[in-house]
Structures are given as structure tokens and as C-alpha cells.
Amino acid sequence: MDNFAAIDFETANQNPSSVCSVGIVTVRGGIVADKFYSLIFPRPDYFSYWNTRVHGLRMEDVEDALPFPDVWRQVTGMIDGLTLVAHNSRFDEGCLKAVFQKYGMIYPGYRFLCTCIAARRRLKGVLPNYQLHTVAAYCGFDLLHHHNALADAEACAAIALRLL
């Protein structure tokens, strides 16, 4: 697969609509063409201890961030016509659908592929687990800032280029 957009969301709390950051890497012709990262003011607008513990983001970090619809307007041209790829796409696709619903936006039916599922199929018995950092390392990508949405999207793109 030579043309796609790797995407990763981080959430503020257990609600899938509470996206607080997004990272996107577009690949065209098998080469990284563009990268995008943004903080997002989440809805509902609170951070759980557990989510902050994972990604390090707090309300103070996003208090001046744009809401999702404004951020997404910046993204649509980047990803138009591309398949979206995520590691554990069920989570990221669920977040995207939930936040579209939260804001009353019409979901355009994005097509998602999952690099975690691809890794389980292609690397069965090769890796001790199929977590993003493990699969990324196998594919030659050094994921230094795991749970930063852009770093995770970059790792996902590297995996997709190798396994999809």
C-alpha cells in the first residue's frame, strides 16, 4: 500500500469523544508526504488520572486548543481519498466516529485498516506481543515518544509501509 494516512488519537478520559490530541502522517507513493499534530480541547472536558498517566497531557495543556471541528477542518484536505491506518484501529475509528457524533458532524465513512491485525497475521510467532512499540521496533522504527499522537502515527506509518 503506497497511499494512506496513519492516524492516532489520545483521549482525555474514558469517553471516546474526548480526543485531546491527534497525529497524522500521510504517505503518497510510498513516501511520507506530510505530518500533522494538534492538541484538541476535549469533550467532555476533563482529564482522568489514568489517561494523563499514559500520555502526560492535562487540562492546562489544552485549555487554549481548538475544538475538534476546527482542528478537523485543517485535516480533511490532507486525508481526502486516503485509507486511514491505525494500530488498534478499533480505538481510533471509534474515537473518530464518537467525536463526529458529539459535534453533530456527518461522518464521511472513512475506510480504516489496522496495523495491529496485520502484525498478528504476518508476524505470528515472531514477536512476544503486538504492541505498537514492539511492532515498530521490528519494522525498524525507534518509537521514542510513545503515546505522543504524532510519534505513534509515525510508527504506524512505518509499520504499514512494511506490513501492508
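Let's start with a question: which residue in E3 does Ile24 stand opposite? Ile24 stands opposite Phe36.

First, the ground rules. This is a predicted model, where local features need pLDDT of at least 70 and side-chain atom pairs count only at pLDDT 80 or more, while totals for chains, interfaces and linings use all residues. Residues are numbered from 1 along each chain as its sequence is written, and side-chain values use heavy atoms, with hydrogens and water left out.

Now the strands. Strands are DSSP runs of E with at least two residues, helices are runs of H or I with at least four, and both are numbered from the N terminus. Two strands pair if DSSP finds at least two bridges between them. E1 and E2 run antiparallel, joined by eight bridges. There, Ile7 has Ile24 as its bridge partner in E2. On to strand E3, residues 31–39: E2 pairs with E3 over eight bridges, again in the antiparallel sense. The hairpin of E2 and E3 has two residues between the strands, and Gly29 takes a positive phi near 65°.

Is E2 mostly covered or mostly open? Mostly covered: nine of its ten residues are buried. Buried means under 20% relative accessible area, exposed means over 50%, and partly exposed lies in between, with a 1.4 Å probe and protein chains only.

Next, the aromatic rings. Rings of Phe, Tyr and Trp (its six-membered ring) pair if their centres lie within 6.5 Å; planes under 30 degrees apart are stacked, over 60 edge-to-face, and the rest tilted. The whole structure has ten aromatic pairs. Take Tyr107 and Tyr110: their ring centres are 5.6 Å apart and their planes sit at 85°, so this pair is edge-to-face. Tyr107 is partly exposed, at 23% relative accessible area. Tyr110 is buried, at 16%. Both belong to a cluster linked by ring pairs, which also includes Phe9, Phe68 and Trp72.

Last, the pocket. A pocket is an open set of points on a 1 Å grid, where a 1.4 Å probe fits, with protein on both sides within 12 Å along at least five of seven lines; lining residues have an atom within 4 Å of a point. The largest pocket has a volume of about 330 Å³, counted as the space filled by probe spheres set on the points. It has 19 lining residues, and among those closest to its centre are Asp8 and His87. Which strand gives the most to this lining? E1, with five residues.
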